[in-house]
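The sequence and structure are shown first.

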Amino acid sequence: MKTLILYSTRDGQTKKIANYIAGIIHENVDVKSITDMYELANYDRIIIGASIRYGHFNKALYKTLEKHTALLNQKTTAFFGVNLTARKPEKSTPETNIYVRKFLQRITWKPTMSAVFAGALFYPRYNFFDRIMIQFIMRITGGETDPTKEIEYTDWQKVRSFSEAFLQLK
């Protein structure tokens, strides 16, 4: 079986997660940005991962889904969302994470399975505007606000479990 992992990332954490999943799947797997060239029909299984910034997924994700929903609904597929809200256990499932829940309700693609992973906070890498806005959001939500810190919240065991469960799908 040939697997494609598509990702949409802002700061690289979703790409890192996609590559980690590819390492677990190991054989016949390609990892590509959602903006790269690819032919979905050439793959038996497809995983799409996307990050949230300021409450929104990348518009390229929606364009891809509009174009390929029928094909995706015929294949074994998975979706994973990546956001800082998922750092909180009570907001770390597709049912309890507002962004992923609304996304899955809004789209007509019905992934075979879905998940939410916590992302990473990279204050020193952000431009001034993003740093200030993310600090503000983190202050409101009880998160880290030190602008010198980089924190990876991703639970790699959860990503591994998701990957292994995907491998069991037919």
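The questions below concern helix packing, salt bridges and selected residues.

This is a predicted model, in which local features need pLDDT of at least 70 and side-chain atom pairs count only at pLDDT 80 or more, while totals for chains, interfaces and linings use all residues. Residues are numbered from 1 along each chain as its sequence is written, and side-chain values use heavy atoms, with hydrogens and water left out.

Me: At what angle do helix α1 and helix α5 pack?
Reply: Helices (H or I, at least four residues) and strands (E, at least two) are DSSP runs, numbered from the N terminus. Axes are lines fitted to C-alpha atoms, for helices over the stretch in contact, and angles run from 0 to 180 degrees between N-to-C directions. Helix α1 covers residues 13-25 and helix α5 residues 156-168; their axes lie 9 Å apart, and the packing angle is about 50°.

Me: Which term describes the orientation of α1 to α5?
Reply: Angles under 35 degrees count as roughly parallel, over 145 as roughly antiparallel, 65 to 115 as roughly perpendicular and the rest as oblique. The packing angle of α1 and α5 is about 50°. That value therefore makes α1, relative to α5, oblique.

Me: How many residues of the contact of α1 with α5 are nonpolar?
Reply: Contact means heavy atoms within 4.5 Å. Helix α1 contributes Q13, K16, I17, Y20, I21, I24 and I25, and α5 contributes W156, V159, R160, F162, S163, E164, F166 and L167. Ala, Val, Leu, Ile, Met, Phe, Trp, Tyr, Cys and Pro count as nonpolar, Asp, Glu, Lys and Arg as charged, and the others, Gly among them, as polar. The contact has 3 charged and 2 polar residues, and its nonpolar residues number 10.

Me: How many salt bridges are there?
Reply: Side chains of opposite charge can pair when their charged atoms come close. A salt bridge is counted where a side-chain nitrogen of Lys or Arg is within 4 Å of a carboxyl oxygen of Asp or Glu. By this rule the count of salt bridges is 7.

Me: How many residues apart in sequence are the parts that D130 and R53 tie together?
Reply: The side chains of D130 and R53 form a salt bridge, at 3.3 Å from N to O. D130 belongs to helix α4 (residues 128-140), whereas R53 is in the loop between β3 (45-51) and α2 (59-72), so the parts joined by this pair are apart in sequence by 77 residues.

Me: Are D130 and R53 buried or exposed?
Reply: Buried means under 20% relative accessible area, exposed over 50%, and partly exposed in between (1.4 Å probe, protein chains only). D130 and R53 are linked with R10 and D11 in a network of salt bridges. Both D130 and R53 are buried.

Me: Which residues does R10 contact, leaving aside its neighbours within four places in sequence?
Reply: R10 lies in the loop between β1 (3-8) and α1, and at 48% relative accessibility R10 counts as partly exposed. The C-alpha atoms of R10 and R53 are 7.7 Å apart, although 43 residues separate the two along the chain. With those neighbours left aside, the contacts of R10 are S51, R53 and D130.

Me: About how many helical turns separate E164 and R160?
Reply: The side chains of E164 and R160 meet in a salt bridge of 3.2 Å, N to O. E164 is partly exposed at 35% relative accessible area, and R160 is partly exposed at 31%. Because E164 and R160 are 4 residues apart in helix α5, their separation in helical turns is about one.

Me: What is the relative accessibility of T77?
Reply: T77 is in strand β4 (residues 76-83). Not counting residues up to four places away in sequence, T77 touches I46, L72, W109, K110, P111, T112, M113 and F166. T77 counts as buried, with a relative accessibility of 0%.

Me: What is the phi value of Y54?
Reply: Most residues other than glycine have a negative phi. Y54, in the loop between β3 and α2, is partly exposed at 33% relative accessibility. Phi of Y54 is positive, in a residue other than glycine, and lies near 55°.
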